Amino acid sequence: MMPKLTFAAAALATLAIAAPASAAVSLGVTPGSATYTGPTPTINFDSGRPSNVTGGSIVSGTASPHAQPLGSTGGYFSVGPADGSPGVINLSSYSQLFNISFIWGSVDSYNTLELINSAGVALYTFTGADIFNPANGNQTSANTNPLVTIFLTGADTTAVRGLRFSSTQNAFETDNFAINAVPEPSTWALMLVGFGAVGFSMRRGRRATPRLSAMA
């Protein structure tokens with residue numbers, strides 16, 4: 001399936017163009033910045049490897065063959081021959097995915113991103129050349145360190161279950177994944193149980209507070 005791409009001009013914020021009914025995935029690409037200005041990350045790598053991330057390596061700083069993406073702080077995710085390739089972010093804990101944004105660092109033409117289903121089959125494939133041309137791996141350019149947003153509509157909101165990253169050369173670096181989604185029913189149930197426990201605890205606390213008699 002051929003994805004639709006939207007490219008933002010260097011001075012503009014991310015553009016979101018609605019995909020027609022026949023195209024359920026589109027991209028928004030906006031130049032990055034030294035200070036991250038995107039949505040609050042759902043997944044980052046400052047505390048190591050999240051449980052839903054497999055393959056690749058968690059690295060920090062800029063030292064060959066790695067380059068910290070613009071706007072990234074602390075750890076980031078990297079795949080390639082030196083780090084392990086592919087790397088996968090499993091998103092099956094969400095029943096519906098509406099959009100996913102992340103920093104794509106020093107975009108190279110040999111970087112490949114796949115949107116995969118529950119069986120690991122690629123539904124959509126993007127390369128660095130789809131994100132910016134020339135995808136020359138420039139480590140300091142805002143254009144080759146963009147904030148990329150994947151917009152999903154229609155059946156793909158439930159069909160896409162993960163992101164797979166691969167690179168034939170070192171390296172493909174990403175960070176600050178912000179996920180706009182609906183959790184799985186089991187996750188909602190756990191959240192509701194947690195909210196109920198907090199409410200019960202607050203009610204008990206109010207009942208346990210003694211009333212003070214007015215001084216005569």
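**Strands, core and confidence**

Author: Let's start in a sheet. Strand 6 and strand 11 run antiparallel and are joined by four bridges. Strands here are DSSP runs of type E with at least two residues, helices are H or I runs of at least four, and both are numbered from the N terminus. Two strands pair if DSSP finds at least two bridges between them. This is a predicted model, where local features need pLDDT of at least 70, side-chain atom pairs count only at pLDDT 80 or more, and totals for chains, interfaces and linings use all residues. Residues are numbered from 1 along each chain as its sequence is written, and side-chain values use heavy atoms, with hydrogens and water left out.

Reader: Which residue is the bridge partner of Ile 89 in strand 11?

Author: Leu 163.

Reader: What is the strand order in that open sheet?

Author: The order is 3-6-11-8-9, five strands with antiparallel pairing. Strand 3 (53–55) and strand 9 are the edges, and each pairs on one side only. The twist averages 20° from one strand to the next. Axes for such angles are lines fitted to C-alpha atoms, for helices over the stretch in contact, and angles run from 0 to 180 degrees between N-to-C directions.

Reader: How many bridges hold strand 3 to strand 6?

Author: Three, in the antiparallel sense, with strand 6 covering residues 87–90. Thr 54 stands opposite Val 88. Gly 55 has Gly 87 as its bridge partner.

Reader: New topic. Which residues touch the most other members of the largest nonpolar core?

Author: Leu 113, Leu 115, Ile 150, Leu 163, Phe 165 and Phe 177, out of 32 residues. A nonpolar core is a set of buried Ala, Val, Leu, Ile, Met, Phe, Trp, Tyr and Cys residues joined through side-chain atoms within 4.5 Å. Strand 7 gives the largest share of this core, five residues.

Reader: Why does Ile 150 count as buried?

Author: Because its relative accessibility is 0%. Buried means under 20% relative accessible area, exposed over 50%, and partly exposed in between, with a 1.4 Å probe and protein chains only. Ile 150 is in strand 10.

Reader: What does Ile 150 touch?

Author: Beyond four places in sequence, its contacts (heavy atoms within 4.5 Å) include Val 25, Phe 98, Leu 113, Leu 115 and Leu 163. Its C-alpha atom is separated by 6.2 Å from that of Ser 101, 49 residues apart along the chain.

Reader: How many salt bridges are there?

Author: One. The rule is a side-chain nitrogen of Lys or Arg within 4 Å of a carboxyl oxygen of Asp or Glu. Here Glu 114 and Arg 164 meet at 2.7 Å, N to O. Glu 114 is in strand 8 and Arg 164 in strand 11, 50 residues apart.

Reader: Are those two buried or exposed?

Author: Glu 114 is buried, and so is Arg 164.

Reader: And the whole chain? How many helices and strands?

Author: Three helices and 12 strands. Of the 216 residues, 41% count as buried.

Reader: What is the mean pLDDT?

Author: It is 84, and 74% of residues reach 70 or more. pLDDT is the predictor's confidence in each residue, from 0 to 100.

Reader: Where does it fall below 50?

Author: Residues 186–193 are one such stretch, with three contacts beyond near neighbours in sequence. Residues 212–216 also stay under 50, with zero contacts beyond four places in sequence.
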